[in-house]
Amino acid sequence: MPRVATTSPAARIPRSGIRTLMELALHDPEAIHLEIGEPDLAPPAHVVDATAAAARAGRTGYTSSLGLTELRAAAADRVAQRYGRPTSADEIVVTHGAMHGLAMAMATMLAPGDELLVPDPAFPNWEMAAVAAGVVPRRYATHARDGFVPDPAEVEARITPRTRAMIICSPNNPTGAVYPPHVLEALVEVARRHDLWVLSDECYESITFDAPHVSPTAYDTDGRVVAFYSLSKSYAMTGWRAGWAVVPDPEVVEMMGHLAEATVACPSTTGQVGALAAITGPQDVVDAAVASYRDRRDAALALLERRGVSHVRPAGAFYLMVDVGEPDTDAFALRLLEHRHVAVAPGSTFGDAAAGMVRVSLAAPRADLLEGLDRLADEVLARRAGAAAGSGAGLAAAR
C-alpha cells in the first residue's frame, strides 16, 4: 500500500505537550484538569438562543469563504470602537477560530524557508502552523524576571535576512503577560525598520487584570499588522470555532479567502451566527468572567505565596507559570498526574524560557484550581525536602 511521504511538512509538525497531558488525563477519572485553556463557564444564554433559532430556521448552509457580511461589518465596528483604528468590513476575514486565521496568514504571506519570529515561551500551535507551511520558526526570548514582557532590542537582534514576520501575543499565552504600550509601539517600529509583517494574536483581548489591553494595530501606519481575534476565550465558545482577522492588505484578504475555500470551504455558519450575537449583544457576561478569573488568580497567587512556591504574576489571559524547581518538566507533569491526579502543561512544550516551569490554567473551577495547586505544592516541597535530605546525607558521608 502507499506510504506516508516522510518529506511532507506534516511529518515534521511537533506534538503539543498540552494535548499529550490532556489525553493522558482523560484516562484518569480522578484528574484535576489544569492543563487546558478552556473556560469552565457556559456560553452566554443569548448566544445559545440566537444560534439555536438560526439552526431551527435552516440557516445552516454555506456562507462566503470570507464570512457572513453582517459579521464582518460588526467585527470591523468593534475594532474601530475598541482600538480607534478605522476598519472596514472589507478588511475582515472570518476564520474557523483564531488559530485557523494564523495558519492561513502564514501560508498566504510567507514562503517556504522564510523565518517567523515567535516569543519564547510560545503557544506551541504557532510553530506547528509555521512548520506546516514550510516556514522556519525562530524564537526571541522573554524572561521571567521581566514578567515575560519582551525587550524590543532582543527581538531585533534575532532578525536575519530570511526573517519575514514576527508574532506578538498580548495578553500572552502561556505566560499571562500584558505588554505595555511603549513595548508594543517599539516592536511595531522594529518590524517597520526591517519590513516585517506583524501577526498579532489577540485571543485574550478582553481578559486583563491590571491594565487594559492595547493592540499593536494602534501603532500601525502602513498596514503591516494583521490582528487575530477569537470568541473562544472571552465568551467560552471554544468548540464553536469562530474568530476573525483584521487584514489591511486587500490582496492578502483575497488570498486568505481562496485558502479558506480550499480547506474549510467557509467558517461554521452556526458559529458565525453565535459570534455575531456575542459581539453585538450585552457584554456583562464577559465582565463577570474576567472578575471571576481575577479572583481565581489572586487566590492562586496567595496559595503559592503561602506554600513558598515561586511563580510569575500574570496580568491577563488565564494562565499562571509556576516554578517547580525541576529542569525536566515533562517528568514532573507525568509524575504529578500519576501520583497526585493533577494535570498541568509542562514548560518544555512552550520553549527554553519556560525551563523548570509548568503552566496552570486559571479557567478551571475555583475549588479544583486551589486543590490542584495545593497538590502541586505538595509535590514541589516533597521533592525539595528529598533533595535537601540527599544533599545532607552526602555532606555527612564526605565528612
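In the protein, 75% of the contacts between residues at least 6 apart in sequence join residues at least 24 apart. The model is a predicted one. Its secondary structure comprises twelve helices and 13 strands. The radius of gyration is 22 Å, close to the 21 Å that the globule rule gives for 399 residues, so the protein is as compact as a globular protein of that length. Along the principal axes, the C-alpha atoms fill a box of roughly 75 × 55 × 50 Å. Buried residues account for 53% of the 399 residues.

Within α5, the buried residues are Pro124, Trp126, Glu127, Ala129, Ala130 and Val131. The elements that cover these buried residues include the helices α1 (17-25) and α4. The strands β3, β4, β5 and β6 are also among the elements that cover them. After α5 comes Gly134, which has a positive phi near 80°.

Ala130 belongs to α5, which spans residues 124-132. The relative accessible area of Ala130 is 0%, and the residue is therefore buried. Apart from its neighbours within four places in sequence, Ala130 is in contact with Met106, Leu116, Val135 and Pro137. Ala130 and Ile13 are separated by 117 residues in sequence, yet their C-alpha atoms are 8.7 Å apart in space.

Two packed helices are described by the angle between their axes and the distance between the axes. For α4 and α5, the axes cross at roughly 35° and come within 9 Å. This crossing is right-handed. On the α4 side, Met99, Leu102, Ala103 and Met106 take part, and they meet Asn125, Trp126, Ala129 and Ala130 of α5. The residues of this contact comprise seven nonpolar, one polar and no charged.

The crossing in which α4 passes α8 is right-handed. From α4, the contact involves His100, Gly101, Met104, Ala105, Ala107, Thr108 and Met109. From α8, the residues involved are Val252, Met255, Met256, Leu259, Ala260 and Thr263. Nine of the residues in the contact of α4 with α8 are nonpolar and four are polar, with no charged residue.

A further helix pair is formed by α3 (residues 69-83) and α9 (residues 269-280), which pack at an angle of about 30° with their axes 10 Å apart. Because angles under 35 degrees count as roughly parallel, α3 and α9 are roughly parallel to each other. The crossing of α3 past α9 is left-handed. Glu70, Leu71, Ala74, Ala75 and Arg78 of α3 make the contact with Gln272, Ala275, Leu276, Ile279 and Thr280 of α9. Six residues of this contact are nonpolar, two are polar and two are charged.

The backbone was also examined. Most residues other than glycine have a negative phi, and most peptide bonds are trans. Pro121 is located in the loop between β3 (115-120) and α5. Pro171 lies in the loop between β5 (163-169) and α7 (181-193).

Positive phi values occur at Phe148 and Asp195, neither of which is a glycine. Phi is near 65° at Phe148, a residue of the loop between β4 (136-141) and α6 (152-157). With a relative accessible area of 1%, Phe148 is buried. At Asp195, phi is about 55°. The loop that contains Asp195 runs between α7 and β6 (197-201).

Notes. Residues numbered from 1 in each chain as written. Predicted model: local features only at pLDDT ≥ 70, side-chain atom pairs only at ≥ 80, totals over all residues. Heavy atoms only, no water. Axes fitted to C-alpha atoms, helices over the stretch in contact; angles between N-to-C directions. Helix = DSSP H or I, 4+ residues; strand = E, 2+ residues; numbered from the N terminus. Parallel < 35°, antiparallel > 145°, perpendicular 65-115°, else oblique. Left-handed = near helix turned anticlockwise from the far one by under 90°. Contact = heavy atoms within 4.5 Å. Nonpolar A, V, L, I, M, F, W, Y, C, P; charged D, E, K, R; others polar. Buried < 20%, exposed > 50% of the residue type's maximum accessible area, 1.4 Å probe, protein only. Rg over C-alpha atoms; globule rule 2.2 N^0.38 Å.
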